[in-house]
Amino acid sequence: MDESRLRTSVLVWGVGLLVYLLAVFHRSSLAVAGLVASDRFDISASQLATFTMLQLLVYAGMQVPVGLLVDRWGSRSVLVGALLVMTAGQVAFALATTYPFGLAARALVGVGDALTFICVLRLVSSWFPRRRIPLFSQLTGTLGQLGAVISAVPMTWALRDLGWTTAYLVAAALGPVLLVALLLVLRDTPTRKNLRGEPMPLAAVRRSLTASWAEPGTRLGFWMHFSTPFSSNVLGLLWGYPFFVRGEGLSPAEASGLLTVVVVSAMTIGPAFGWLVGAHPWHRSTMVLTIVAAMAAAWAVVLAWPGEAPFGVLLALAVVVGIGGPASMVGFDLGRTSNPPERLASATGLINQGGFIASLVLVVVVGLVLDWRTPAGSDYTADAFRWAMCTQFLLWALGGSQVWRFRRLARRTTTRAQVNATLRAGM
Ligand SMILES: N[C@@H](Cc1c[nH]cn1)C(=O)NCC(=O)O
C-alpha cells in the first residue's frame, strides 16, 4: 500500500471514527445529567435507570438489522442516516419536558448510535490491508471511547451554565457539522463511493443470517463479545458510581476517578491488544479466556475482601475491568475471518449483540438484587452491592464455557495455517 493511499484510508476511517465518537458522546451524555434529569422529568432513580436500559435494549435489538442495512446499502449511506437520526433524537431530548417524550427521544438517539459502529468496522475492512485490520479495528473501539471522556466535563459545565435545552441543542449541532465532512470525504471503498449489496428478500435475509450463525467462528465471536465488556459497561453506564460510593465507601471524586481509570485502561491497552491479535491470531480465544479469568479474579478479591477493599485493590479492579472493552473487539475479528465479505456486516451485527445483551441483563439483575437485599426504606447497603455484583460470575461462567465450546468446534473446522493466512495476507 503506497503512502498516499494509506493517507486517504486514514482520512476516510478518521471521519467514520468521528461519527462513532459522536455516538459514544451522545450515549454517555446522560451519565452526568442524572440529577438534572430527575428534576426535569420529576422521576425516581428506577425511572432514571430505565433510560439506560432502553438505550441498551434499542442498541442490542438494532444490531442485526443494522448489519443487514450495511451489507445492502454500504457504510456511507447508513452513516448519513445515523447522523440524521442521532441529531433528531438529541434535539427532541433537548426539548423534552415529560418523561415519555424523554424516553422516546432517548430511544431515537439509541437507534442512531446503533447504526455507527458496524459501519466503521466495515470501512476498516474495505480500506486497510488485512494485516492492519486488527489494529485499526481496535483503534476504532478504543478511540471511540474518548467520546465518553469528552462528554463528561463539557456536558457537566454546559448543563450547569447553559441549562438543559441549550446544552443538548449544542451537542446536537455537532451532527450537521460531521455530516458535511462525511459527505465530502467518505467513500465506501477505494473504488466505489457507494457500495450496494444485492437486494435481499426476507427468505434471503434468513438464509444469510443462518449461514453466518452456522459458522462456529461467528458464535465464538458472539460469546467472546458476550463475556468481556459487560462489567465495564455496567460500571460506566449506571452502577459503578453507587457501588464505589455506597458499597466501598469512596468519596464521589474517588469514584468518578476510578470510572475514568476504566476508560483510560481500555484506551491504553486497546492498541497493544490489536497488535497481539494481528501477531498471534491462533491464540485469540486464549487471550479472551485469560482476560475473562483476570476480571473474575479481580472481582472475587474485591467482593471477598472483609469490609471495604483498599483503594489500591479497587484501582487494580478498574484497570483489569477496563481491558474487557478491547478484549471484546477480538470477537469481531473472528466474525471477519469466518465469513465472506458480503456477509461481514451482518455477522458483525450478530456478534455485537453479545456484549450489549449481557450488559442489559446485568443492569437489570443488579437493580433487582439490590432491591431484594436492601431493607425497605433504607439506602442500598454494602452487603446488597456484594450480592448484586456477584451475579457477574454467572455471566462469566456461561460466556466462558461457550467460548471454550466454540473454540474447540472452530478449531475442528479451521487449521492454524488457514487462520494465519486469512490474517497475514496483504491487500
Ligand atoms: N466493547 C466496545 C468496544 C470497546 C473497545 N474498547 C473499549 N470498548 C464495543 O463493542 N463497542 C460497540 C459500540 O457501539 O460501542
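1. Asp42 is exposed, because 11 other C-beta atoms lie within 10 Å of its own; here a residue is buried if 20 or more other C-beta atoms lie within 10 Å, exposed if 12 or fewer, and partly exposed in between, with C-beta atoms placed from the backbone. Asp42 sits in the loop between α2 (34-41) and α3, where helices (H or I, at least four residues) and strands (E, at least two) are DSSP runs numbered from the N terminus. The phi of Asp42 is near 55°, a positive value in a residue other than glycine. Most residues other than glycine have a negative phi.

2. On the basis of the model, residues are numbered from 1 along each chain as its sequence is written. The model is predicted, so that local features need pLDDT of at least 70 and side-chain atom pairs count only at pLDDT 80 or more, while totals for chains, interfaces and linings use all residues.

3. Leu48 belongs to helix α3 (residues 45-95), and it counts as partly exposed because it has 18 C-beta neighbours inside 10 Å. Leaving aside neighbours within four places in sequence, Leu48 is in contact with Gly34, Ala37, Ser38 and Ile43, contact being defined by C-beta atoms, placed from the backbone, that lie within 7 Å. The C-alpha atoms of Leu48 and Trp282, which are 234 residues apart along the chain, are separated by 43 Å.

4. The axes of helix α1 (residues 3-28) and helix α8 (residues 164-185) come within 10 Å and cross at roughly 165°, the axes being lines fitted to C-alpha atoms, for helices over the stretch in contact, and the angles running from 0 to 180 degrees between N-to-C directions. That makes α1 roughly antiparallel to α8; angles under 35 degrees count as roughly parallel, over 145 as roughly antiparallel, 65 to 115 as roughly perpendicular and the rest as oblique. The crossing of α1 with α8 is left-handed, in the sense that the near helix is turned anticlockwise from the far one by less than a right angle. On the α1 side the contact includes Leu11, Val15 and His26, and on the α8 side it includes Ala171, Gly175 and Val185. The residues of this contact divide into 12 nonpolar, 2 polar and no charged, where Ala, Val, Leu, Ile, Met, Phe, Trp, Tyr, Cys and Pro count as nonpolar, Asp, Glu, Lys and Arg as charged, and the others, Gly among them, as polar.

5. Helix α13 (residues 284-304) packs with α15 at an angle of about 155°, their axes 10 Å apart, which means that α13 is roughly antiparallel to α15. Arg284, Met287, Val288, Ile291 and Met295 of α13 make the contact with Gly324, Ala327, Val330, Asp333 and Leu334 of α15, and by class it has 7 nonpolar, 1 polar and 2 charged residues.

6. For helix α11 (residues 230-247) and helix α14 (residues 311-322), the axes come within 11 Å and cross at roughly 160°, and therefore α11 is roughly antiparallel to α14.

7. The ligand is surrounded by 13 residues, of which the closest are Phe117, Gly141, Pro229, Gly325 and Ser328; a residue is near a molecule if its C-beta atom, placed from the backbone, lies within 6 Å of it. The largest share of this shell, 4 residues, comes from α15. By class, the shell has 5 nonpolar, 8 polar and no charged residues.

Terms used. Two residues are in contact if their C-beta atoms, placed from the backbone, lie within 7 Å.
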